[in-house]
Each structure stands twice: as structure tokens, then as C-alpha cells.
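Here is a quick tour of a few spots in this model, with a look at confidence along the way. Have the structure open while you read.

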Amino acid sequence: MVSPAISQNTGSKITIQRSNVRVEEVLKEITRQSGVQFSYNPRSIDARQKIAFQVRNASLEEALDELAARIPIEYTLIENQIVLNRRKAPVEAPRPREPEYYTVSGFILDGASGESLIGATVFASGTSAGATTNAFGYYALRLPKGAYSLEYSYLGFSPESVEIELAADTKKDVGLQSIPLVLPDVIVELPMGEILEKKQLGKLALNPKTIEDMPEFGGESGLIRGLQAQPGITSHSDGSAFFFVRGGERDQNLIIIDDAPIYNPAHLFGFYTVVIPDFTKDIKLYKTDIPVNLGDRLSSIIDVRTRDGNLNKVEFSGAFNPLVSRLSLEGPFKKEKSSFFTSIRQSNFQWIYKAAVPDLNLNFGDFNFKWNYRINNNNRLFFTLINTRDALANLGTSTGDKAGIQWNNFAMTFRWNHIFSPKLFSNTILNSGNYQYKLSSTQDVWHSGIGKVSLKSDFTYYTSAVLTSKFGIEFHGYAFNPGKILVGSLSALFPTIRQDNSRQSVLYYNAAFRLAAKWRFHAGARLSRWTNHGPAEYYTFDDQHALQDTVTPGPGVYQDYWRVDPRTSLQFNFDSTSSVKLSAGIYHQFIQLISNSTSPFNSFEVWLPSSPNIKPQAAKHAALGFVKFLPKQGLEMSAEAFYKHMTNQVDYEPHPKTILNPLIEGELRFGSLQSYGVELLFKKELGRLNGWIAYTYSRALRNTPEVNGGRTYPAFQDRPHDFSLLLNYNISQGILFSAYWTSYTGSAFSSPTGFYQFNGQTIPVYGEKNNDRLPAYHRLDIAFKFVLNRRPDNRYQHSLTFSVYNFLAHKNIVAVDFNKVLQPNGTPIVRANLLAEQDLIATQADLIRFMPSLTYKFRLR
């Protein structure tokens, strides 16, 4: 029954979109939006029952009709209030009107350059519905039919509000305008709904601008140095690009640049990294809950996305430092249709050593290129090329003796993005990654390497407003060269080392659910088949690791492994600023780096595949975390605990031979590695003073039955305490001060417990493995950045950065050796207490105590 007075009350428009909501809450919301009051008998009407209720811009009468369709009621207007009664006559209730859903989709771009924005967000105001752009700037948002105000936002850009009337699938590309963050009083506040959508526990999103503002070493901050400042990530030492994530080994981390793998990220033995800062657009590090589409590693995936190039105008930029220089050029081939980005980098160390060592050649260089072409609104092509090289050699111009080492990475990706429909996005990739290492003398060359070619099709299906599916298929081909003498007189003296060929096929699926307004649930799995292919030759060993037999399989598969990696996570949002997340997963890894050296300078890298003698590495990883944001203050606080148990972990017998050894698999021992810890992060992203404080307590403990008497011992990367602090302060409009402090427990190593004499030699005696530790590591870096152009909209922008690495000149030890120290008469300087024999004393080596740097950067646009 409808009262005429109610029919006339059409001025108030009511919008309610709730699922699993109590009737009494619906009535309260109608009262709030329309001002009318309700009266009913709770004995006849169950107001606590839960229903789904959705109306948008509805009149009061339409809202009440919708409610009557959900529960058996009649309504009348009595003395300015609406009285609800239970419907007396049992009539067939009309079927509730199912809302019509449509998809608004498109790309979120930098309005000036046309560059796609990764991780930008769009929200429908007044609802909990939102979406985040993928790695190519694409988004898809499912909403019921109706009128909406869509809020588009991205950190560092002005938010954009767009009004739409959604009555069919709609395509909407949006360009956002960047904010000149050089101004100290500019504060960009993120929308409340964006915060938790962008933040995922276990995933770190690194802004290249943040890394650029960190204090530099020799002209660059570098990707690896930026990663090492994050909680849960441990550096190897000074002068090394090796790093460890949550207690795992260094080969359990994979760096991919536009999906192509980089096997050695180091330049100059680790002082620089191969990722050119100007070429980088987005960096994401996954420490746990690793997406099923990103590869096979036990500890982490570092996903680097590169810049596409300006679609509208040409830009030229660069940086000059006494040690290294780089130049970049970008612009359109065809405006708003096709663009490119190219960057080169070259070291310049000759002025340091040329006068003293004229035959020395020490250098590195990089060449990066990216091209993209928009065929039409639904198709786009990309091509990425990365080539890096390093050399340390004696040119032999004066002596005729040539010797040295060189290594290089080569990676290439060809990509096709296709939009089948607003709900289905595909990404097809053909890529290759190749790493080669050479050690040469005048006549001989030792060479090792690993190569990979991959084909992958990845699909994202925006199934509904509550479900997004990701699935795909991958094919990989690997070629392994563990090391061989290529040419020269020594090639006949060394045994032949077999070359391995392996293949991998992968299927994966992941479902992401938005359960009600506060719950998020992810579940997926990765199915892998790893195969070794002949013709080949491999060896079998007995229980004492002695050679037992030689096996020579013919063409075809002679060994295969099937592995399933299930992964799941559950997140509860307390409100728009805080959440808790639990994740668990199983991970496998089919390739391993064979190296028993802990030196930061070792580049003798031998990669081996899983095989009859080497089972795939496996890990079970669980994490529980909490995050809280204070949006107005721009503060983030998070805590995360993790536990990881890894099996089939490669270990070594004492003094193994890993170079030019056809029986290398007999040198390996296998055990387990467990790690656990707690990571704390306090971060401030906004305002004149910003930065973060990070602390990690963790342990990494090995147990190998045939090593250390079967007793558990700390791994090299076991660092119980790790603390870092980064502060950035805008002193004035054009001056930025930054400081970075890091401290962590020293690395574990084995030191002698005693010595004895044998045939006139002093022989050390070792007890427990890794029974000692290097001194704790401490370092303070500082930098001043001076912006030389006072107006941020100048076509020519330039700056000068002065930084000091290890400002306090702290002596950080990277190695300890035991050397016999004698006086000129042959007697020891330090005498032992036993029988007056010559003593072995510890000597320590450190690298850099104070390193100033001055860098000039410019951009012409």
C-alpha cells in the first residue's frame, strides 16, 4: 500500500549499496538520507535479518518498494512517520531486481608524456568499489548501472574526478597532471580508499624517485642499495650487489626487467648495479605471497618495469660524475602513437689508475632501449633490449701477456598487449636472458654461462565486482654451461664438462576475491614440469659420494619433475586505514648457483639445473602482518612476522672443487635451511621531512647431515639484528638534505679454534662451522641536492648532488685472514704460548672508509 504523501516525497534521492546487511541498518540509512522516521513491531518484523539491498539515486517510494521486495512488509504514512506492518495476505513476493553490472575500463596515463601509470587507483565515490592499474596502466571496474563520480589518483599527481552515467560497458582513459614536488610546502594526500589497495603486506613498492634521492656512491644510489634499506633484506657487504631476503640464499632472488631475467645484477663487482635509474619506471619486490605468474624463486622476485618513452615530445637527460656518466633520450616516433626510450652508461676510471698501471683496463657499460607502438585502442606492442658488460684485464701492451675477466648480461623482450573485451586483458611475451662469464689468459679462455628463452601468455579476467582471475601458460628453454676451456694449449689437459639443456612448462591460476567490504581472499596455484633433455652424460654416486657409474641417455627426456605450488592469503581491513593479512605458500626452484665463496668479489658463477642428482629446492613460507596508516600525517606503521622452511638446500663438503670439475655434483651436500623473524617499519612519505625507520630481527639456520657433524649452524646470511634509517629534509625550495644510516650484525664465518705443527707447517684446527662473526657493520651516508633551476616548469632542469659514502669513516670488515707475521730476523712478531712456535694472527680487510661524490644531473624537455 502506497500513501500519496509518500509518492510526493521525491525530493530526497537515496543511494544504498550493501550486501549481507541487517534490515534495521537499512532503515537507519534511509532515515539518514531522507529524514523520514520508521515505526514497526519487532515481534512481527525481524529487523535483525540480513539481506542484500542496492538502490542508487532512488526516490523514497522506490527504496521502500525495493525493501518490500526483499522482506514481506507493507508500509503506510501515519502522522509524519512510516509504519511498517507484516504483509497479511501471503502473496508471491516479486523477485528482487538483480542490479545490472557494467564495466568501466581504460588506461591511466601521465597527462604530459602519455606514460602509463602503474599502480594508479580509481574509486567510485560513495562506494567501496575500486581498482588498481596493472603493469601497463590498465584498469577495469565493475559497477551496477547508474551515475557515478570516479576518483582517479596517483602519488605525485593531481587527483582527477570524472562523472559518468554507466548504462553500458564504457572505455575511459584518464591523464593525470604531475605536481612539482620540488616545492617543500606541497603535500599530496592520498584518498582514503587508495591506501590499502596500494599497500600489500609482503610486497614493497619502490619509487625510483625515492631511490634517486638517497645518498649516492660514485654518482648513483642504485637499485640494490635501495632494496637493502628495506626490512627483511640483508646486504652481503661493501662492494657487493649480492643480497639475501628473509634468510634465503642469494640465488633464491630473481630480478626481472620487463619480464626478462637478469642473472648477475652487479657492475664493478657490486659497487654499481645494471639497472640504469633513468630507465626505470616502477619497482616491486615480493617477499611473500609471490604472484603465481612471476616465476620460480624461494625468497623474492624483483619486478622492474621500464619507461615507455614520451609520446608527445622529445626529452634529453643525463648525469655526469667523475666515475660514471649516463645519457638518455626519449620521444615520439609518431605522436601519441609510438615512442622510444634509450639510455647509455659508461664508467670512467682511467684517470685514477692509468698513470700508475698503464696496462690495466677496468670499465663497465650499459645500453638500454625500449620501443612501443599503439596499433589501436585494443592492441599495443613493446620491445625492450638490455645489454651490460664488465671488464677487468691486463692489456699486455708492454709485456705481451694478456689476461683478465669479463662478464655480460643480455636480455630482450617482445610483448603484445591485447584487450579482448573490457573484462579480459592479455599479455603475450617472448623474452630471453643470457649471462656469460669469461676468464682469459694469453692463450686460454675459460667460459661459463646460462641462457634462457621463454614464451608466456598471461590473462587477467575481471569476472565480476568481487572476483578477478589471473591465469596463463609458460614455456621455458634453458642452456647451462658450467664452465669449459674454449681455446688454447690447456684445453686438452682439462676434462670435458657436459652442457645441460632443460625445459620447463607451467600452468597457473589465481583468484582474487573481494568478500564483503572488509575481506580480501587470494588463492592460486602454479603447476610446473621440469625436464632434462639428452643426448647427455651424467654420473651416479654411492652413499659416500664416490663415483659409481656413468649414464649416457640418448635424445629425449631422461629426467622430469612435477611440482605444484599452492598459495593463498586472507586480508581483513578494519577500516580504510588498517588491515591484517595472513599468507602461506609452497615454492619450488629448479636452478641453483654453485659457489662456496663468501667473497663479495667472486664472479665465478656456475649455474646448474635440477637433475637426477639435484632435486628441486622447496620452501614453505608463512607470514602474518599488520599495517596502520595515518593519512593526514602521511604515516605508515607495519609489523610482519614470517617463518620459512627450505629443503634440498645446496651445501658443500670442506674444500670442494667447483670449477672445471665434471663430477661437481658429487661435491654437493644437501640439507635444510629455516629462517624466521619479525620486521618493523615506520614510514613517512609526505611533507618536508620524510623517510623511514626499519628494524628486522631474524635468524637463518642451516642443517646438513654431512656437514658440521649434522649439527645446526648459522648461515652466512644469519644477521639477527638489522636496522636502517632514511631521512629526507627539504631545507628550502631548492635544497634537499638526505641521510641514511644502517647497522647490522656481522656475518657468520669459521675461525680456527687452535693450531698444530706438521712437517714444519702450522695447521689450523676448526671446530663448529660458522662459529664466529665479523664485527658489526655501521655506516652513515649523507647527501645535499641543490636544484639549480628555481622554477619547476623550466624546460631545462638541472641539479647538483654532493654525497659522502661512509661519512664517519667506520672500518667495516669484509674478511678475516690468518697470516704468519715475521720480523726481519725470522722470529714471529706475536709469540704463542705453546712451545714458542710461530703464531697465526688474524688480519682484517675493509674496503671504503670515506667516499665523496659530486654529480651533475640535467633534463631538457
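Asn-771 comes out as partly exposed in this predicted model, because its relative accessibility is 33%, and the partly exposed class runs between the buried cut-off of 20% and the exposed cut-off of 50%. You'll find Asn-771 in a loop, with β49 (761-766) on one side and β50 (772-773) on the other.

What does Asn-771 touch, leaving aside its neighbours within four places in sequence? The contacts are Phe-749, Ser-750, Ser-751 and Thr-753. Two of these pairings come with distances:

| Pair | What is compared | Distance |
|---|---|---|
| Asn-771 and Thr-753 | C-alpha to C-alpha | 9.3 Å |
| Asn-771 and Ser-751 | side-chain polar atom to backbone nitrogen | 3.0 Å |

In sequence, Thr-753 and Asn-771 sit 18 residues apart.

Now over to strand β39, residues 606-609. Is β39 covered on one face or both? Both: Val-606 and Leu-608 are buried on one side, while Trp-607 and Pro-609 are buried on the other. Strand β38 (residues 591-594) pairs with β39 in the antiparallel sense, over four bridges. One of the residues involved is Ile-594, whose bridge partner in β39 is Val-606.

Note on methods: Residues are numbered from 1 along each chain as its sequence is written. This is a predicted model: local features need pLDDT of at least 70, side-chain atom pairs count only at pLDDT 80 or more; totals for chains, interfaces and linings use all residues. Side-chain values use heavy atoms; hydrogens and water are left out. Helices (H or I, at least four residues) and strands (E, at least two) are DSSP runs, numbered from the N terminus. Buried means under 20% relative accessible area, exposed over 50%, partly exposed in between (1.4 Å probe, protein chains only). Contact means heavy atoms within 4.5 Å. A polar contact is a pair of N or O atoms within 3.5 Å; within protein, one must be able to donate a hydrogen and the other to accept it, and residues adjacent in sequence count only if both atoms are side-chain atoms. Two strands pair if DSSP finds at least two bridges between them.
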